[in-house]
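Trainee: Please take one part of the model that I am about to open, look at it closely, and then connect it with the other places that deserve a careful reading.

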Amino acid sequence: MIEALLKGTSAWKYWVILSTRTQEDMAYRANYMVGALFRFLPLLTTIYLWYAVFNSPGYAWSGRMGKMTLPDIVSYYAIMFVARGFSSMPGMTRDISLDIKDGLLNRYLIRPISYFWYQTMYRLAHKLIFWLAALITFPPVFYLIREYLKHSPTVLEWVGFFISLIIAFWTGVLFSFLIGCLAFWFLEISTFLFVIMTMEFFLSGHLIPLNLMPSAIVHYVQWLPFAYEGYWPCMILIGKVQPDQMGTVLGIGFLWVGIFFVLVKLCWKWGTQRYSAVGG
Amino acid sequence: MKDFLRYCRMTLLMMKNCLIREMQFRSNFIIRLFTEVIWLGMQFIYVEVLYSLTQSIGGWNVWEMVILLGTNHIINQLFEAFFFDNCTKLVDQIRLGDLDFVLVKPINSQFMVSLRYTDYASITNSMAGFAMIGFALHKLGTAITPVEVLLFLLLVLNGIFILYSMMFCLSILTFWIGRASNLFELYYQLTQFTRYPGEIYRFGLRMVLLTAIPMLVVSNFPAKVLVGGLLSGRLFYACAIGVSFLLITTWLWSMGLKRYRSASS
């Protein structure tokens, strides 16, 4: 049905990319499902670790901002899987930088498609497969930890959460694309990518909920774009964002997406001017 | 004995080759060090956050936890230095038929594929682990005897071999099931269990982590030597696990080679 609708329009070609990539991934579905399940193992260690903290003899909440209970923490880390399922773009930066470095970009430049939208569709296809698999893998995991999922979100929180996931996806795509474009200026960036990925992992709140960090740090890191890749969606759904803050939180998120869009356009323009098609 | 020396010489030769290669990408090396420092810094913040809420987790106080972190860091880095790249490369070698080049050489093939590439940045990075342990021991005011140092190093080596065995076995499953990149995901996720005290896990899971997937033997045991409390029975147990895992790899490797089809070469 979608095919009939899109045929003849300029969106058609991106639809083809999307469906081809999806089919490619489906060819390795067993491999995929296995990976999807393994990814929950860290949740297990995290639950045990925090359980041990909350049940240790000398436990006392330190009085840092944002009191969290054990259910809050477990829910946070569980929802983090959902949020990162939207925002993480494994391999995207590397692929783009290699296309640039090895001159493979030529293939796309001579075609009447936008490389940015090509990459976006490519990643969207991955995400669709991810969510298809998640429909099978997520429910049992969430069922197992149901006693920790105490907070029942309000309608506003659900809406805010879904909007924040859209922000998460775009932040992920745009930032990865932007970093990949650095290859126009620096030939060898693969190691630099490690640094970036590590920072992203930390600043998105994937390792520790950002509000638990020393308050001098929290005030800054929670407003960085990375916080929208994990921290904010989680905080919204566990009920830690008050209704009157919701607008600010989401507004700043959209602001970042806008800034990134402009930066991507500029980087692409300047980058392709510099591009020398080495080895192409 | 002659063979042993020959293999030692081979190892040094392969390491030398990699060093020459590495020296061509010096900036790469420095960035790698930088990344590890950031990573360790993040772990420290994590520990700081956890211990801002309590004095002890699973019976380990903050400096004992730092010792565990340091031990884990040393083991993981040294494993990465010698084996990690080789194991990941092995998958493609088997799939694409490049293993031919190894098999025709007059040398033990498992030895060759396992030690071919050395990652020097990881060796340097492991030093940070020793520094962490030293600092934590100083803070605890514990005096360490030479025997304990030796036992610690022995168990560290043992841990590296266990990690190697698990990763190597996962890699050579390629002989049977084709593309299995997600099995590395399993490896990554399993190493999570080496980071924290074994005491935090429930009994059943702890048993699994001590036997079938001996992640607690990898880093908890050596760390225990330094914080006190490793019984000699456990020492023998750890080494038995290490040796049997290594034996399994050689057996699985020979089984796998029988299935090798040298595809697409």
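Mentor: Let us start with Glu22(B), which counts as buried because its relative accessibility is 15%, where buried means under 20% relative accessible area, exposed means over 50%, and partly exposed lies in between, with a 1.4 Å probe and protein chains only. The model is a predicted one, in which local features need pLDDT of at least 70, side-chain atom pairs count only at pLDDT 80 or more, and totals for chains, interfaces and linings use all residues. Residues are numbered from 1 along each chain as its sequence is written, chains are lettered from A and ligands numbered from 1 in the order in which they are written, and side-chain values use heavy atoms, with hydrogens and water left out.

Glu22(B) has its place in helix 1 (residues 2-22) of chain B, helices here being DSSP runs of H or I with at least four residues and strands runs of E with at least two, numbered from the N terminus. When residues up to four places away in sequence are not counted, Glu22(B) touches Phe29(B), Thr118(B), Asp119(B) and Tyr120(B), contact meaning heavy atoms within 4.5 Å.

Apart from neighbours within four places in sequence, its contacts are Asp99(A), Ile100(A), Tyr115(A), Phe184(A), Trp268(A) and Tyr275(A). Pro140(A), by contrast, is 35 residues from Leu105(A) along the chain, and the C-alpha atoms of the two are separated by 42 Å.

Turning to charged pairs, the structure holds five salt bridges over all chains, a salt bridge being a side-chain nitrogen of Lys or Arg within 4 Å of a carboxyl oxygen of Asp or Glu. One of them joins Asp95(A) to Arg123(A), whose closest N and O atoms are 2.9 Å apart; this pair links distant parts of the chain, since Asp95(A) lies in helix 6 (residues 92-101) and Arg123(A) in helix 8 (residues 115-144) of chain A, 28 residues apart. Asp95(A) counts as partly exposed because its relative accessibility is 24%, whereas Arg123(A) is buried because its relative accessible area is 3%.

In chain B, Lys224(B) forms a salt bridge with Glu199(B), the closest N and O atoms being 2.8 Å apart. Here too distant parts of the chain are linked, 25 residues apart: Lys224(B) belongs to helix 11 (residues 215-227), and Glu199(B) to the loop between helix 9 (182-190) and helix 10 (203-210) of chain B. Lys224(B) is buried at a relative accessible area of 15%, while Glu199(B) is partly exposed at 31%.

A further salt bridge, between the side chains of Asp92(B) and Arg95(B), has an N to O distance of 3.1 Å. Both residues lie in helix 3 (residues 62-96) of chain B, three residues apart, which is about one turn of the helix. Asp92(B) counts as partly exposed at 36% relative accessibility, and Arg95(B) likewise counts as partly exposed at 36%.
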